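Please open the structure in your viewer and keep the selection tool at hand.

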Amino acid sequence: MITGTPKPIEEILEMLEPYDNIILAGCHGCVTVCRVGGEKEVQVLASTLRLAREAAGRKIAITEISLERQCDPEYVEKLRPYVSDHQAVLSIACGAGIQFLAEKYAITPVLPGINTGFLGVTERQGEWAERCQGCGDCVLHLTGGICPVTRCAKSLFHGPCGGSSQGICEVGKDVKCGWQLIIDRLKALNQLENYGKLKPYKGWHTSRDGGPRRILREDMI
Amino acid sequence: MKSGSNLEKVLAAGHFSVTAECGPPRGADPEVVRKKAAYVKGNVDACNVTDNQTSVVRMSSLAGCLLIKEEGIEPLIQMVVRDRNRIALQSDLLGASAMGVRNILCLSGDHQKFGDDPQAKNVFDIDSMQFIHLVKSMRDEGTFPSGKKLDGAPKFFIGCAVNPFADPFEIRVPRLKLKVEAGADFVQTQCIYNMKKFKEYLELAKKQGLHEKVKILAGVTPLKSAGMAKFMKKMVAGMDIPDEVINRIAAEPKEKQAEKGIEMCIELIQELKEMEGIAGVHVMAIEWEEKLHEIIGGAGLLPRPVVE
Ligand code: SF4
Ligand code: SF4
């Protein structure tokens with residue numbers, strides 16, 4: 001899922017400074033699962049903002065709406081009847097959702113209420129961790145199902161570097177060395193021979209470095 | 001000869017080689033480099049110039065190399081893949097070779113979080129293994145990775161670094177083997193304090209015949225004090241300093257610890273010199289270049305051979 005964290009309330013209040021009538025838009029997708037942008041978070045954030053603005057002596061009217069997904073045109077349309085009656089939309093979906101709203105409602109300011117994080121998993125309740133950087137050319141079959149691009153702090157293809165110590169990465173005590181994990185898993189799978197081969201230079205053109213990406217499925221169009 | 005560098009010649013002639021390192025200054029003053037160079041000169045076969053080590057911004061390693069070269073020292077350029085993509089790496093390789101730098105050390109580089117600019121974007125377009133391969137293919141095939149022909153191939157004696165003390169231990173020799181296959185001509189090791197572990201590593205490497213395929217230069221760093229030893233053990237990832245080493249230097253009164261550190265370093269070099277499979281020593285006297293002559297001379301490695 002795509003994860004995120006709430007923006008500091010002061011930052012949101014500053015963004016909302018020019019407005020006193022907005023939509024606060026949540027999303028039922030990933031951000032609901034990681035508890036940062038779902039219906040419940042919309043409610044909580046809306047009341048916090050109302051209270052803060054009231055205390056500041058400038059009330060704000062907030063219409064609370066949560067869409068099934070903000071990254072799908074069908075659902076984004078559902079916002080249309082409301083948008084023209086408001087000065088701005090504060091979205092607490094991921095960056096993709098926020099942008100999609102901005103694109104569809106060209107003359108209404110759309111503001112980010114969360115900081116979008118990474119593609120990750122729920123390791124346990126309240127803890128999410130990154131797993132994939134969407135590099136566009138997956139090598140998990142060679143690395144024991146553990147991503148060197150994401151899990152190694154230097155995205156090395158032939159780790160572990162000299163900074164790997166007792167399973168911990170040189171960047172910090174609570175960061176596991178991705179390459180230690182890869183070696184351990186390759187060993188468990190009896191695939192350590194995968195380690196001994198020089199891997200071709202990674203083609204980053206399939207990643208963000210090739211420019212904004214697009215997937216076109218002719219069979220579906 | 002692959003590069004015709006002095007270091008390559010000294011090693012090819014069967015001499016026990018000596019390299020040292022010189023960290024460029026945190027500023028644009030060339031005098032700092034020249035001063036260090038004066039301590040290095042005559043004591044080594046080549047001198048590494050570090051590349052923004054620990055991600056702290058310093059004068060570029062290429063500029064440092066040229067400055068020490070002007071002083072009559074053979075430079076060994078360190079290049080990390082942290083800050084440059086393959087375009088910049090290739091370009092700098094060509095520039096360094098054009099300016100007469102004949103030795104290179106291909107490194108990943110410490111993560112930027114250790115330096116003054118932890119918010120910087122890192123690059124890591126290719127890794128150090130692939131960088132070795134890149135230098136080798138430019139040198140030996142005379143082509144860019146794209147396959148296009150070079151107008152004059154860069155000439156480098158290609159080095160890499162290994163840390164026999166990092167984890168997991170079992171992958172350390174396979175990783176060296178991979179570096180050799182990628183094209184490394186020589187390897188400089190992380191500072192050795194834990195001799196027992198190093199010997200274990202060397203035995204495994206020898207079993208694979210790696211000492212015959214790559215020149216192994218053993219890294220040493222003289223300890224200035226017990227405090228420095230404790231600090232390094234605690235703060236430097238992958239640094240292995242056994243307690244008995246720390247105890248030995250700590251047993252001396254403070255004012256005698258530096259002297260003891262040098263004595264221990266000389267002993268270590270003498271032991272390494274006798275070991276089969278060790279082709280030379282790499283003395284990293286960090287901000288202590290003035291002691292190089294004493295250490296290298298003390299180990300009986302002076303004068304340095306002149307090989308034509
Ligand atoms: S290799 Fe690429 S696609 Fe596969 S998990 Fe890693 S970043 Fe994601
Ligand atoms: S310690 Fe491990 S995860 Fe960290 S940079 Fe080195 S190889 Fe990558």
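What follows is a short tour of a predicted model, going from the contact between two chains to the surroundings of a ligand.

Begin by colouring chain A and chain B separately and selecting the residues where they touch, a contact to which chain A gives 28 residues and chain B gives 32 residues. About 2,500 Å² is buried between chain A and chain B, and carbon and sulfur atoms account for 57% of that area.

Now show the side chains of K187(A) and E170(B), which meet in a salt bridge with an N to O distance of 2.9 Å. The count between chain A and chain B is 1 salt bridge. If you colour the chain A side of this contact by residue class, you will find 12 nonpolar, 10 polar and 6 charged residues there. Looking across the interface for polar contacts, the rule finds 20 residue pairs, with both residues of each pair at pLDDT 80 or more.

For the last stop, centre the view on ligand 2: which residues are the closest to this ligand? Among the 13 residues that surround ligand 2, the closest are C152(A), C161(A), C169(A), C177(A) and G178(A). Extending the selection to the whole shell around ligand 2 brings in 7 nonpolar, 3 polar and 3 charged residues. The space that ligand 2 takes up is the largest cavity.

Terms used. Residues are numbered from 1 along each chain as its sequence is written. Chains are lettered from A and ligands numbered from 1 in the order in which they are written. This is a predicted model: local features need pLDDT of at least 70, side-chain atom pairs count only at pLDDT 80 or more; totals for chains, interfaces and linings use all residues. Side-chain values use heavy atoms; hydrogens and water are left out. Contact means heavy atoms within 4.5 Å. Buried area is the accessible area (1.4 Å probe) that two parts lose on being put together, summed over both. A salt bridge is a side-chain nitrogen of Lys or Arg within 4 Å of a carboxyl oxygen of Asp or Glu. A polar contact is a pair of N or O atoms within 3.5 Å; within protein, one must be able to donate a hydrogen and the other to accept it, and residues adjacent in sequence count only if both atoms are side-chain atoms. Ala, Val, Leu, Ile, Met, Phe, Trp, Tyr, Cys and Pro count as nonpolar, Asp, Glu, Lys and Arg as charged, and the others, Gly among them, as polar. A residue is near a molecule or strand if one of its heavy atoms lies within 4 Å of it. On a 1 Å grid over the protein atoms alone, a cavity is a set of points where a 1.4 Å probe fits but cannot get out, and a pocket is an open set with protein on both sides within 12 Å along at least five of seven lines; lining residues have an atom within 4 Å of a point. A molecule sits in a cavity or pocket if more than half of its atoms lie within 2 Å of its grid points.
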